[in-house]
Amino acid sequence: MSEAAPAPEEHPVKRVLQTVGFDARFPNQNQTRHCFQSYIDYYKCVNAKGDEFSPCKQFSRAYKSLCPSAYSVDIITRFDEQREAGTFPASLEP
């Protein structure tokens, strides 16, 4: 009988979990406005500095983390559609 090859050693994936830091503009428990503002800040940053500017990624992580999970996919999709159609309710100019 032939022996099966030994299974390669599995290395656990190390993940770092971080939460968004405190922002004095949003002191309350409801973070929906913080989500919206982080989305705006991200696109203002991208419009000013470009996609690869690493500080912009912090805003991206913030809005993806803060938007309520029950509807975050729907709300972000709606924000994206409004932004592309030019009907987004806030200015995204830097």
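A disulfide is taken here as a pair of cysteine sulfur atoms within 2.5 Å. In the predicted model, two disulfides are present. One joins Cys-45 and Cys-56, with the sulfur atoms 1.9 Å apart. The angle about the S-S bond of Cys-45 and Cys-56 is -80 degrees, and the link is left-handed. Cys-45 belongs to helix H1 and Cys-56 to helix H2, so this bond ties together parts that are 11 residues apart in sequence. Cys-45 and Cys-56 are each buried.

The other disulfide is formed by Cys-35 and Cys-67, and its sulfur atoms are 1.9 Å apart. Here the torsion about the S-S bond is about 75 degrees, and the disulfide is therefore right-handed. Cys-35 is placed in helix H1, while Cys-67 is found in the loop between helix H2 (54-66) and H3; the pair therefore ties together parts that are 32 residues apart in sequence. Cys-35 and Cys-67 are both buried. When the bonded cysteines of the chain are numbered in sequence order, the pairing reads 1-4, 2-3.

Aromatic contacts were examined next. A pair of aromatic rings is described by the distance of the centres and the angle of the planes. With ring centres required to lie within 6.5 Å, the count is nine aromatic pairs. In one of them, Phe-36 and Phe-79, the ring centres are 5.4 Å apart and the planes stand at 65 degrees; because planes over 60 degrees apart count as edge-to-face, the pair is given that class. Phe-36 is part of helix H1 (residues 32-49) and Phe-79 of helix H3 (residues 72-85), so the pair ties together parts that are 43 residues apart in sequence. The two residues were also assigned an accessibility class. Phe-36 has a relative accessible area of 27% and is partly exposed, whereas Phe-79, at 8% relative accessibility, counts as buried.

Tyr-42 and Tyr-43 make up another edge-to-face pair, with 4.8 Å from centre to centre and 80 degrees between the planes. Tyr-42 has a relative accessible area of 14%; because this value is under 20%, the residue is classed as buried. Tyr-43 likewise has a relative accessible area of 14% and is buried. Ring pairs join these residues into a cluster made up of Phe-36, Tyr-39, Tyr-42, Tyr-43, Tyr-63, Phe-79 and Phe-88. The cluster thus includes both partners of the Phe-36 and Phe-79 pair as well as Tyr-42 and Tyr-43.

Charged side chains were also found over aromatic rings. The charged end of Arg-83 sits over the ring of Tyr-43, at 3.8 Å from the ring centre. The charged end of Lys-49 is placed over the ring of Phe-53, with 5.6 Å to the ring centre.

A further residue of helix H1 is Asp-41. The relative accessible area of Asp-41 is 16%, and the residue is buried. With residues up to four places away in sequence left out of the count, Asp-41 touches Arg-25 and Phe-59.

Methods. Residues numbered from 1 in each chain as written. Predicted model: local features only at pLDDT ≥ 70, side-chain atom pairs only at ≥ 80, totals over all residues. Heavy atoms only, no water. Phe/Tyr/Trp six-rings, centres within 6.5 Å; stacked < 30°, edge-to-face > 60°. Helix = DSSP H or I, 4+ residues; strand = E, 2+ residues; numbered from the N terminus. Buried < 20%, exposed > 50% of the residue type's maximum accessible area, 1.4 Å probe, protein only. Lys NZ or Arg CZ within 6 Å of the ring centre and 35° of its normal. Contact = heavy atoms within 4.5 Å.
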